[in-house]
Amino acid sequence: MPAVDNSQHISFYQRGFTLVELVIGIVVFGVALVLISTTLFPMFAKSANPHYEARAAALGQAVMNQILARPFDINSDTDGSRWRCGEDAEAVQKLGILSPSPIPACSYPLVADAKSFNAVEDYMGCWGEESACNGDYRGSLANLAGSESHDYPNFSVDIHVTYDKATFPDTTDNDRLYKRIDVTVDTGKFGRYDFTAYRSNF
């Protein structure tokens, strides 16, 4: 009785991949990796944005409230009259406003702890990491935000205070009635967030 030849049956099930199949598999795998790296991975980074937005909002609001709680100016009348530091005493008195003569000039302190600040413009400058401040570095965030500054690593806060006479109409011709306070919280690669408020003294 002749033996059965199973050589063709065995080779059919034991044959390997061809070179063409390997190349096609590598190409498909490469395309899949490119799609994942260009669509899915960037979404992981963006998922942190809401977290940093909330932290920046909390820090910006806390700093702004701290600034607004201070007097209008260290050399201004805290009783609410209309003379301001650096104004011309004679011009103010012609308007029927009692004021010292001469009126004290505006002054700004050097780097100091925020606990000793007693006027709005005392906060002007950049606080946080010195490398993140392009200019006018004032000190660490701990000097501004206190003990809570460790919750904001790599954050910086830039504060500008300017007199603003254009936003609110006024008939007294006094350009020192309102100050615009701009607070910018820089979170690094997660963006910059701006906060603006007005401080007035009537």
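My notes begin with the basis of the model and then turn to the fold.

I worked from a predicted model, in which local features need pLDDT of at least 70 and side-chain atom pairs count only at pLDDT 80 or more, while totals for chains, interfaces and linings use all residues. Residues are numbered from 1 along each chain as its sequence is written, and side-chain values use heavy atoms, with hydrogens and water left out.

**Fold.** I found five helices and five strands in the protein; these are DSSP runs numbered from the N terminus (helices H or I, at least four residues; strands E, at least two). Along the sequence I read the pattern α-α-α-α-β-β-α-β-β-β.

Of the 202 residues, 32% are buried, that is, under 20% relative accessible area with a 1.4 Å probe, protein chains only. I noted an accessible surface of about 13100 Å² (Shrake-Rupley method, 1.4 Å probe), with 59% belonging to carbon and sulfur atoms.

**Contacts.** I counted a contact as heavy atoms within 4.5 Å. Among contacts with a separation of 6 or more, 55% join residues 24 or more positions apart.

I traced an open sheet of five strands in the order 2-1-3-4-5, with mixed pairing; two strands pair if DSSP finds at least two bridges between them. Strand 2 (137-139) and strand 5 (192-200) are the edge strands, each pairing on one side only. Strand 1 (residues 125-128) runs antiparallel to strand 3 (residues 156-163) over four bridges, and Cys-126 stands opposite Asp-158 in strand 3.

**Packing.** I saw helix 3 (residues 49-68) pack on the sheet, where helix 3 touches strand 3, strand 4 (178-186) and strand 5. The direction of helix 3 makes about 20° with that of strand 5; axes are lines fitted to C-alpha atoms, for helices over the stretch in contact, and angles run from 0 to 180 degrees between N-to-C directions.

Technical notes. Buried < 20%, exposed > 50% of the residue type's maximum accessible area, 1.4 Å probe, protein only.
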